[in-house]
Amino acid sequence: MDTDSDKDLISDLPQSIIETILIKVPLLDAVRTSILSRKWRYKWATITQLVFNDTCLTPSHDKSIISCNLVNFITRCLFLHDGPIHKFELNTNYSPTSPDLDQWLLFLSRKDIKELVVDIGEDDWFRAPSCLFFCPKLTHLVLVRCELNPPPNFKGFLCLKHLSLQQVIIPPHDIEILISSCPLLESLTLSYFDSLELTIRAPNLKYLNLEGEFKDIRLENTPHLVGISVAMYMTDDIAEHFEQSSGCNFDKFLGGVPRLERLIGHIYFTKYLSIGNEQGSFPVMYQNLKFIELYQVSFEDMKELLVVLRLIVSSPNLEELQISSSSITTTTDIYDLDFWEKDWPADCTFSKLKIVHMTDFSGLPHEIAFIKFLLGHSPVLEQMIVAPTIYVTDKVVKMLIDLLTFRRASPLATVKFVQEPL
């Protein structure tokens, strides 16, 4: 007679529950369950998510042996697999050969693949085979260090919602076509692109993350964007292009995103937006924008300062503002302090602003005037945090103390000085 201790409760679970359990453990351990018993021999072979990373590797001092073992393991898993594969992730420092990778992607294109992530060795690139462009059910695609050449008969990824391309080589015209041919796209990440002039058309896009040497960025038909993060790297060629560009970059980039909720601009972003931006009326109001973070803003450049002011004045529901200063001198009009009295209305109010965090403060005249302006026009401000530059002088310390005497529109506002860690 069987006792309770003799029962194999796990083996008798429904297959769907067993698959859920096996997906939660590292793939190598899931495959190893095949040795438990005859009943378990192929239970792993129906799981719909296959994640291959360095935990699948057997330690060895010979890199070529490790790479060979990884290729054999992936190939065996794919060919023994039974049923659809909805997720395939390859994230390893040991690069497979192009024929192996092509073979796997061809196999996956016939297995209803929905999520595909390929990130191989740091020094290795791969060329995506044409079969990649014929995975009609793809919803999530991440490619790192890859060369992409969409075939002429590519009709787009009609189900794709998340696209991330990092260090990808693709003709500029093709990247625009790729983005616009994903009608359901909600999240887009483009990293480490060089000298790219980019127009993004994506009617359902919600989150945009850009990093690289962008000459120009234009957002068209992106009315649902709620989150933007941009890092722009500067080269001599791009700097020259900035000076020669026509039109207002602010309007080209932020003129069509009225639902924006969160904006992060890294190095040179405010410099880029300042090209062609003039003081005047603001045609777009960002009613949902509650968080702005701007890095390395030059308070010695009135054009960049106008960009910052345009952003915060156009965001009536802004709650948190973070700004780091740049001490790179770019212009000579730094002492036009009358600007704050004659060019900005006295009734300008930031009625929802609660937190301001200023870093790399060096005591420039417009830095001080900006802080004074915010303190005097933010009736619900709770915290003004100021972190001085690492090169703290007696002059800067005195200026920090002077900030304590500025009028505060909010009775709850506190001014706190902190030293940022190196």
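**Close-up 1. Cys 135 is a buried cysteine.** In this predicted model, Cys 135 has a relative accessibility of 5%, so this residue counts as buried. Its closest cysteine sulfur belongs to Cys 131, and the two sulfurs lie 6.4 Å apart, too far for a bond.

Close-up 2. A disulfide is a covalent link joining the sulfur atoms of two cysteines. The structure as a whole holds zero disulfides.

**Close-up 3. Helix 9 and helix 11 cross at roughly 15°.** Here we move on to a pair of helices. Helix 9 covers residues 302-313 and helix 11 covers residues 365-376, and their axes come within 12 Å. Because their crossing angle is under 35 degrees, helix 9 is roughly parallel to helix 11. The crossing of helix 9 past helix 11 is right-handed.

**Close-up 4. Residues of helix 9 meet residues of helix 11.** From helix 9, the contact is made by Met 302, Leu 305, Val 308, Leu 309 and Ile 312. Helix 11 contributes His 366, Phe 370, Phe 373 and Leu 374. Which classes of residue make up this contact of helix 9 with helix 11? Eight are nonpolar, one is polar and none is charged.

Technical notes:
Residues are numbered from 1 along each chain as its sequence is written. This is a predicted model: local features need pLDDT of at least 70, side-chain atom pairs count only at pLDDT 80 or more; totals for chains, interfaces and linings use all residues. Side-chain values use heavy atoms; hydrogens and water are left out. A disulfide is a pair of cysteine sulfur atoms within 2.5 Å. Buried means under 20% relative accessible area, exposed over 50%, partly exposed in between (1.4 Å probe, protein chains only). Axes are lines fitted to C-alpha atoms, for helices over the stretch in contact, and angles run from 0 to 180 degrees between N-to-C directions. Helices (H or I, at least four residues) and strands (E, at least two) are DSSP runs, numbered from the N terminus. Angles under 35 degrees count as roughly parallel, over 145 as roughly antiparallel, 65 to 115 as roughly perpendicular and the rest as oblique. A crossing is left-handed if the near helix is turned anticlockwise from the far one by less than a right angle, and right-handed if clockwise. Contact means heavy atoms within 4.5 Å. Ala, Val, Leu, Ile, Met, Phe, Trp, Tyr, Cys and Pro count as nonpolar, Asp, Glu, Lys and Arg as charged, and the others, Gly among them, as polar.
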